[in-house]
Amino acid sequence: MQRFRLMLAATAATVLLSVVANAGNADLVKEGEKIFNTKKIGNCLACHAVNGKNINNPGDLGPKLQGLSAWPEQALYDKVYNPYTTNPISAMPPFGKNGVLSDHQIKAVVAYLKTIK
């Protein structure tokens with residue numbers, strides 16, 4: 001009986017932590033979407049359309065973003081931080097390396113990018 005109570009308590013704690021994490025992640029995704037779509041901050045929409053998202057007048061200099069939910073978070077972070085590490089002739093600016101976006105802002109953008117199927 002004691003073992004059952006411990007398992008029940010552990011399960012309840014896991015569910016609670018999951019709910020809290022998902023709520024925090026939802027806020028981070030919203031923040032990332034705002035950065036993506038705001039011309040004075042990230043301005044990602046100036047170059048990218050997004051699969052499954054309705055974006056007003058996206059640019060087409062960069063590729064249409066799709067399938068990013070399958071990418072590792074670190075790979076997305078690195079791409080936003082400094083795209084030249086994987087593509088030396090990228091037209092995308094290094095948002096982190098140049099200090100345009102903070103570490104937190106890049107993590108928010110990555111959370112949003114992970115929602116793109």
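**Whole chain**

Show everything as a cartoon, and keep in mind that this is a predicted model. The protein has three helices and zero strands, so the order along the sequence is simply α-α-α. Colour by accessibility next: of the 117 residues, 28% are buried. Contacts can also be sorted by separation along the chain. Among those between residues at least 6 apart in sequence, 48% join residues at least 24 apart.

**Helices α2 and α3**

Select residues 73–81, which form helix α2, and residues 103–113, which form helix α3. How far apart are the axes of α2 and α3, and at what angle do the two helices pack? The axes lie 9 Å apart and the angle is about 125°. Angles over 145 degrees would count as roughly antiparallel and those from 65 to 115 as roughly perpendicular; α2 and α3 are therefore oblique to each other. The crossing of α2 past α3 is right-handed.

Now show side chains at the contact. On the α2 side, pick Glu73, Leu76, Tyr77, Val80 and Tyr81. On the α3 side, pick Asp103, Ile106, Lys107, Val109, Val110 and Leu113. Coloured by class, this contact shows eight nonpolar residues, three charged ones and no polar ones.

Side chains of opposite charge can pair when their charged atoms come close. Here the side chains of Lys107 and Asp103 form a salt bridge, with 3.1 Å from N to O. The salt bridge count comes to one. Where do the two partners sit relative to each other in helix α3? Lys107 and Asp103 are four residues apart, which means a separation of about one helical turn. Lys107 is partly exposed at 42% relative accessibility, and Asp103 is also partly exposed, at 40%.

**The loop between α1 and α2**

Select helix α1 (2–37) and follow the chain to the loop between α1 and α2, where Gly52 is located. Is Gly52 buried or exposed? With a relative accessibility of 77%, Gly52 counts as exposed.

Two asparagines are worth a look at the backbone. Most residues other than glycine have a negative phi. Asn43, in the loop between α1 and α2, has a positive phi near 55°. Asn43 is partly exposed, with a relative accessible area of 27%. Asn57 is in the loop between α1 and α2 too, and its phi is likewise positive, near 55°. At 66% relative accessibility, Asn57 is exposed.

**The loop between α2 and α3**

For the last stop, select Asn82, which lies in the loop between α2 and α3. Its relative accessibility is 10%; the cut-off for buried is under 20%, so Asn82 counts as buried. Which residues does Asn82 contact once its neighbours within four places in sequence are set aside? Select Pro94 and Lys97 to see these contacts of Asn82.

Key: Residues are numbered from 1 along each chain as its sequence is written. This is a predicted model: local features need pLDDT of at least 70, side-chain atom pairs count only at pLDDT 80 or more; totals for chains, interfaces and linings use all residues. Side-chain values use heavy atoms; hydrogens and water are left out. Axes are lines fitted to C-alpha atoms, for helices over the stretch in contact, and angles run from 0 to 180 degrees between N-to-C directions. Angles under 35 degrees count as roughly parallel, over 145 as roughly antiparallel, 65 to 115 as roughly perpendicular and the rest as oblique. A crossing is left-handed if the near helix is turned anticlockwise from the far one by less than a right angle, and right-handed if clockwise. Contact means heavy atoms within 4.5 Å. Ala, Val, Leu, Ile, Met, Phe, Trp, Tyr, Cys and Pro count as nonpolar, Asp, Glu, Lys and Arg as charged, and the others, Gly among them, as polar. A salt bridge is a side-chain nitrogen of Lys or Arg within 4 Å of a carboxyl oxygen of Asp or Glu. Buried means under 20% relative accessible area, exposed over 50%, partly exposed in between (1.4 Å probe, protein chains only).
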